[in-house]
Amino acid sequence: MIVIGIDIGSVAAKGYLINYDSHHRALIPTGWSPREAGQTIIERLLAASGLASDQVERIYVTGYGRVAFDQADKTVTEIKCHARGIAELYSEVRTIIDIGGQDSKVIRIGEQGRVLDFAMNDKCAAGTGRFLQVMATALGLDVSELGDAEDPGQMQTISSMCTVFAESEIIGSLARGNPKGGIIAGLHQSVGKRVAAMARRMGIKEQVAFTGGVAINPGVKRALEEEIGAKIMVPEVCQYTGALGAALLALENG
Amino acid sequence: MADYREMWANLGMDLEHHDVLCEVLPEAFGGIYLIQQDRPKGMDFYDFVVAEIHGVRPAEMMQHQKEGGKVFGTFCVYVPDEVVFAAGGIAAGLCGGSQFWVSGGEKVLPANTCPLIKASVGARLDKTCPFFLIPDMYVAENTCDGKKKAWEIMAGEVPLHIIDIPQMKRDRDIAAFEAEIKDFIAVVEKVTGNKITAESLGEAIKMINNKRRALQRVYNARKASPVPISGKDALLVTQINFYDDPARAAQMANNLADELEQRINNGTGVFPNNAVRIMISGTPMAIPNWKLHHIVESLGAAVVVEESCTGTRYFENLVDESATTLEGQIRALAERYMKTNCACFTPNSARIDDIVRLADEYKVDGIIDTNLQFCNLYSTESYLVKQVMTEHNLPIMHIETDYSEQDFEQLRTRVEAFLEMLRK
């Protein structure tokens with residue numbers, strides 16, 4: 001069977017096409033129109049796989065843009081999709097930490113990716129990719145450069161959780177001549193603390209997986225591991241677990 | 001809405017600013033309420049009240065004042081309305097439920113104050129709600145810290161009496177509340193110029209009890225499956241009961257209950273038989289705050305009960321009608337009001353027992369425990385609520401939100417994921 005899962009996030013839209021034994025992935029910036037982003041993802045996946053749209057049995061869509069996208073057979077929340085996606089990659093995982101562009105969530109799962117409980121950050125950018133993006137800009141870096149630029153040995157603690165205050169705080173810290181690498185490590189620690197607090201409130205059960213665009217950043221992984229005191233697995237396809245989950249649910253007609 | 005501009009101008013309202021509110025409300029109400037399918041006929045009355053929201057009931061209140069009567073504005077389910085009605089006054093619940101008023105409140109209150117308090121203060125200061133301008137007196141109460149301090153600001157605006165609500169429920173606290181009711185009686189007698197007698201208080205107790213019984217009937221109907229009325233509609237009924245004439249409110253709720261009972265006999269409802277049944281517990285939802293109910297019900301689940309001030313807390317307990325002396329009636333009032341379980345009290349395990357009991361009575365599949373943003377009391381209590389619900393295997397999620405639309409999509413995702421969990 002041929003199915004597509006699409007995860008339209010606030011920053012990036014991801015697609016996963018399953019064609020019997022093979023699969024294809026696509027990722028593009030969401031831009032201003034989640035609907036168009038979803039459409040482009042389908043086109044990319046079809047082009048990459050050489051398939052025609054009428055060969056696709058089902059399309060499931062998830063992510064914040066799911067409501068705007070009107071070509072899917074079903075919309076599913078990213079919580080369920082991440083759970084399904086991770087269950088496929090690591091059957092032993094019981095806690096998922098997902099940090100995306102505008103929210104962070106902790107999902108407790110049972111066997112076969114059944115969602116047992118979940119928590120999401122309240123409406124605030126603290127502990128999200130958006131927080132890191134704002135800070136990267138203040139530091140004159142691209143958000144993708146943060147991970148390699150950190151220097152935990154010279155950690156500069158950021159006390160403000162709030163994006164607005166933290167930005168002023170790092171500007172002040174830079175003005176005092178503190179090392180950039182240490183400030184960046186402090187930012188990662190801040191995200192780690194915030195998300196770990198949410199995870200602890202719900203209860204962390206090993207094993208733990210880390211997904212979402214922010215999971216690419218090894219500094220945040222390091223900080224999270226320190227804060228929750230457990231080893232964390234980051235799948236190679238960490239940005240695609242939602243799309244993968246959507247595709248698997250489409251396959252299962254779930 | 002009929003033309004009430006002259007009445008509003010006489011009240012000293014900011015008409016231009018008020019027009020903005022009058023423009024958006026019908027659209028919001030249409031999109032949230034009128035689009036619902038198979039609504040009970042009995043909702044027509046409540047739709048009419050909303051359509052005339054700042055006109056028809058304010059006009060009645062002002063007519064009452066013209067005839068020499070007094071109007072008391074209240075903000076809490078611990079304020080005994082019976083006292084006001086026994087003295088020939090009108091009591092009206094005033095809490096503000098719209099984002100429209102929040103910025104007015106923020107002019108004088110800290111940003112980290114709950115939206116209900118901000119909106120209530122803003123509605124008064126901005127002069128954009130007739131209900132807030134009509135009362136001869138506000139009856140305030142010592143409950144949460146936010147309200148307690150807001151009254152000190154409101155006191156510069158309007159004559160205000162504060163009822164000191166106990167924070168615990170020992171015998172001496174109930175006795176203290178009894179003394180507060182006596183003080184309140186003296187204040188109301190002075191403002192109205194009418195003496196409260198055992199006869200008039202007895203009648204008022206019966207009248208308010210009848211309203212409670214009528215609401216109980218409406219809520220009992222929600223225990224049925226399929227549920228004969230949406231959570232949104234039931235919430236609206238309760239919200240309007242806070243300021244409508246109590247005798248008429250009872251009659252309208254009874255009419256509605258008749259219809260709902262008929263629907264149960266016919267096996268008809270507004271959601272399919274297998275719809276997920278949700279309880280919403282926590283802080284009150286003052287009119288026109290329909291946000292969470294709308295999110296839940298748009299996703300195909302039914303809200304079947306609210307454990308809140310705009311829900312079971314408002315009418316579950318009745319005042320004992322057997323007392324024939326003022327002394328006995330006041331004691332009965334104190335006992336009844338101290339049965340209400342709010343997070344302002346400590347310990348408050350009885351509220352958690354209520355939630356467990358209601359979950360069983362209304363056969364709920366999951367609980368959304370919610371509090372208005374910055375409500376420290378309910379937010380803190382949510383920890384214990386979750387703990388006990390988990391022990392009882394009752395799925396629960398906690399949501400903190402305000403009146404704004406900005407977290408709408410995020411909340412939708414959270415609620416949808418919760419429903420996905422329950423539908424397994």
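Helices (H or I, at least four residues) and strands (E, at least two) are DSSP runs, numbered from the N terminus. With that in hand, look at Tyr243(B), which lies in the loop between helix H12 (231-241) and helix H13 (246-266) of chain B.

Before going on, the numbering: residues count from 1 along each chain as its sequence is written, and chains are lettered from A and ligands numbered from 1 in the order in which they are written. This is a predicted model, in which local features need pLDDT of at least 70 and side-chain atom pairs count only at pLDDT 80 or more, while totals for chains, interfaces and linings use all residues.

Back to the tyrosine. Is Tyr243(B) buried or exposed? A residue is called buried if 20 or more other C-beta atoms lie within 10 Å of its own, exposed if 12 or fewer, and partly exposed in between, with C-beta atoms placed from the backbone. Tyr243(B) has 23 other C-beta atoms within 10 Å, so it is buried. Two residues are in contact if their C-beta atoms, placed from the backbone, lie within 7 Å. Leaving aside neighbours within four places in sequence, Tyr243(B) is in contact with Arg57(B), Ala92(B), Gly93(B) and Phe131(B). Take Ala92(B): it is 151 residues from Tyr243(B) in sequence, yet the two C-alpha atoms are 4.2 Å apart.

Next, a sheet in chain B. Two strands pair if DSSP finds at least two bridges between them. Four strands make an open sheet here, in the order S2-S1-S3-S4 of chain B, and the pairing is parallel. At the edges are strand S2 (90-93) and strand S4 (160-164) of chain B, each pairing on one side only. Neighbouring strands of this sheet are turned by 25° against each other on average, direction ignored. Inside the sheet, strand S1 (residues 71-74) and strand S3 (residues 137-142) of chain B pair in the parallel sense over three bridges. Thr74(B) stands opposite Val139(B) in S3(B).

A helix lies across part of that sheet. Helix H10 (residues 171-192) of chain B lies across S3 and S4 of chain B and runs at about 165° to S4(B). For such angles, axes are lines fitted to C-alpha atoms, for helices over the stretch in contact, and angles run from 0 to 180 degrees between N-to-C directions.

The expected span of a helix is 1.5 Å times one less than its number of residues. For the twelve residues of H16(B) that gives 16 Å, and the end C-alpha atoms are 16 Å apart, which agrees. Its buried residues are Gln329(B), Ile330(B), Ala332(B), Leu333(B), Ala334(B) and Tyr337(B). What covers them includes helix H5 (81-86), H10 and H11 of chain B.

Helix H18 (residues 376-391) of chain B has 16 residues and reaches 24 Å from its first C-alpha to its last, close to the 22 Å expected. H18(B) bends by about 30° at Ser382(B), the bend being the angle between axes fitted to the seven residues ending there and the seven starting there. After H18(B) comes Asn393(B), whose phi is positive, near 60°.

Now chain A. Five bridges join S6(A) to strand S7 (residues 104-109) of chain A, and the two run antiparallel. A hairpin of four residues links S6(A) to S7(A). Four bridges join S6(A) to strand S9 (residues 208-211) of chain A, this time parallel.

Last, the cores. A nonpolar core is a set of buried Ala, Val, Leu, Ile, Met, Phe, Trp, Tyr and Cys residues joined through C-beta atoms within 7 Å. How many residues does the largest one have? It has 180, and Ile97(A) and Val83(B) are among those with the most contacts inside it. Helix H11 (residues 198-221) of chain B gives the most to this core, with nine residues. Apart from it lies another core, of 32 residues, including Ala12(A) and Ile41(A).
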